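The following exercises treat a predicted model. Please examine the sequence and the structure before reading each solution.

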Amino acid sequence: MKLNCDLGESFGSWKMGLDEQAMPFLDQANIACGFHAGDPVWMTKTLALAVANGVEVGAHPGYPDLVGFGRRSMNCSHDEIVGLMHYQMAALDGMAQSHGSEMTYVKPHGALYNDMMSKDSVRASIMQAVASFYKPVRLVLQATPESVKHREEAQAAGLEVSFEAFADRCYDDDGRLLSRTKAGAVHNRERMLAQVQQLVSEGTVTSVSGHTLKLDVDTLCVHGDNEEGVRAIAAIRELIA
């Protein structure tokens, strides 16, 4: 199981996240591409940090929503989703190559990620966007009880996927993330480490109502804007090692 984190989410003089503290412990850095957060300067800084630490680089595209940090759904057409995905992927891919790195995967951000998991049409558009990029790139999807179905969809699109679980987020009973608007959506350190231990030892998580959910997980996420999660990242690294 790899460890990933959403990074490069600062913008201009506004600082978001604890990138420098998190990066040394990571396998994968999901770098914002300018639509929900990030800008060319912060993308450059984050890429340099990833290269210095030998961390795999992925694009972290979102809806064009800087004010809402990409956490608000937008009613985008198929063509709009493909275009906004390609635009952001191409930006990070070109910048990564210029800094001696390579973009190897894509993980949508925030509302775009949630819509991908809950809406078949959005997921199909995102899969087509990634599959039609000029080079092979993996798509990160949330590991849920529907992962077999999602892998079959990806295979039909000619796409390689990785399935992701979350260290610092509570799960709803359907295997998706509990909305951030609800109490307990983000775990404290104790609950976070317990969830990671359960994933490592049993391959399961316990939902908000106490149900046990079996998940097929390739990579584990800690959010870079969650200070509690970043402070616990060394302990998480030790658990999954």
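**Exercise 1. State in which order the strands close into a barrel, and describe their pairing.**

Solution. Step 1: Seven strands close into a barrel, and their order is β1-β2-β3-β4-β5-β6-β9. The pairing is parallel. On average, neighbouring strands of this sheet are turned by 35° against each other, with direction ignored.

Step 1: In general, strands of a sheet pair through backbone hydrogen bonds, in either a parallel or an antiparallel manner.

Step 2: Individual pairs may now be listed. Strand β1 (residues 2-7) pairs with β2 in the parallel sense over four bridges, and Asn4 stands opposite Gln28 in β2. Five bridges join β2 and β3, again in the parallel sense, with Ala32 opposite His60 in β3.

Step 3: Strand β3 (residues 56-60) and strand β4 (residues 103-106) are paired in the parallel sense over three bridges. Here Ala59 has Val106 in β4 as its bridge partner. Helix α5 (residues 120-131) packs on the sheet, where it touches β4 and β5 (138-142). The direction of α5 makes about 155° with that of β5.

Step 4: Between β5 and β6 there are four bridges in the parallel sense.

**Exercise 2. Determine how many residues of strand β2 are buried, and which residues lie on each of its faces.**

Solution. Step 1: A residue counts as buried when its relative accessible area is under 20%.

Step 1: Five of the five residues of strand β2 (residues 28-32) are buried, so this strand is largely enclosed by the rest of the structure.

Step 2: Both faces are covered: one side carries Gln28, Asn30 and Ala32, the other Ala29 and Ile31, and all of these are buried.

**Exercise 3. Is Val222 buried or exposed? Decide also how Asp174 is to be classed.**

Solution. Step 1: Val222 is located in strand β9 (residues 219-223). Val222 is buried, because its relative accessible area is 0%.

Step 1: Although Val222 and Ala167 are 55 residues apart along the chain, 5.7 Å separates their C-alpha atoms.

Step 2: Asp174 is placed in the loop between β6 (161-166) and α7. Its relative accessibility is 40%, so Asp174 counts as partly exposed.

Step 3: Asp174 and Thr104 are 70 residues apart along the chain, and their C-alpha atoms are separated by 29 Å.

**Exercise 4. Describe how helix α7 and helix α9 are arranged, and name the residues that meet.**

Solution. Step 1: Two packed helices are described by the angle between their axes and by the distance between the axes.

Step 1: The axes of helix α7 (residues 189-202) and helix α9 (residues 233-240) cross at roughly 15° and come within 9 Å. Therefore α7 is roughly parallel to α9, since angles under 35 degrees count as roughly parallel. The crossing is right-handed.

Step 2: From α7, the residues Arg189, Met192, Leu193, Val196, Gln197 and Val200 meet Ala235, Ile236, Leu239 and Ile240 in α9. By class, this contact of α7 with α9 has eight nonpolar, one polar and one charged residues.

**Exercise 5. Describe the crossing of α2 and α3, then that of α5 and α6, and give the classes of the residues in each contact.**

Solution. Step 1: Helix α2 (residues 40-52) and helix α3 (residues 78-98) have axes that come within 10 Å and cross at roughly 50°. For this reason α2 is oblique to α3. The crossing is right-handed.

Step 1: Pro40, Met43, Thr44 and Leu47 of α2 make the contact with Ala91, Leu92, Met95 and Ala96 of α3. The classes are seven nonpolar, one polar and no charged residues.

Step 2: The axes of α5 and helix α6 (residues 147-156) come within 10 Å, crossing at roughly 40°. These two helices are therefore oblique to each other, and their crossing is right-handed.

Step 3: Asp120, Arg123 and Met127 of α5 form the contact with Lys149, His150, Glu153 and Ala154 of α6. By class, the contact of α5 with α6 has two nonpolar, one polar and four charged residues.

Conventions
Residues are numbered from 1 along each chain as its sequence is written. This is a predicted model: local features need pLDDT of at least 70, side-chain atom pairs count only at pLDDT 80 or more; totals for chains, interfaces and linings use all residues. Side-chain values use heavy atoms; hydrogens and water are left out. Axes are lines fitted to C-alpha atoms, for helices over the stretch in contact, and angles run from 0 to 180 degrees between N-to-C directions. Angles under 35 degrees count as roughly parallel, over 145 as roughly antiparallel, 65 to 115 as roughly perpendicular and the rest as oblique. A crossing is left-handed if the near helix is turned anticlockwise from the far one by less than a right angle, and right-handed if clockwise. Contact means heavy atoms within 4.5 Å. Ala, Val, Leu, Ile, Met, Phe, Trp, Tyr, Cys and Pro count as nonpolar, Asp, Glu, Lys and Arg as charged, and the others, Gly among them, as polar. Two strands pair if DSSP finds at least two bridges between them. Buried means under 20% relative accessible area, exposed over 50%, partly exposed in between (1.4 Å probe, protein chains only).
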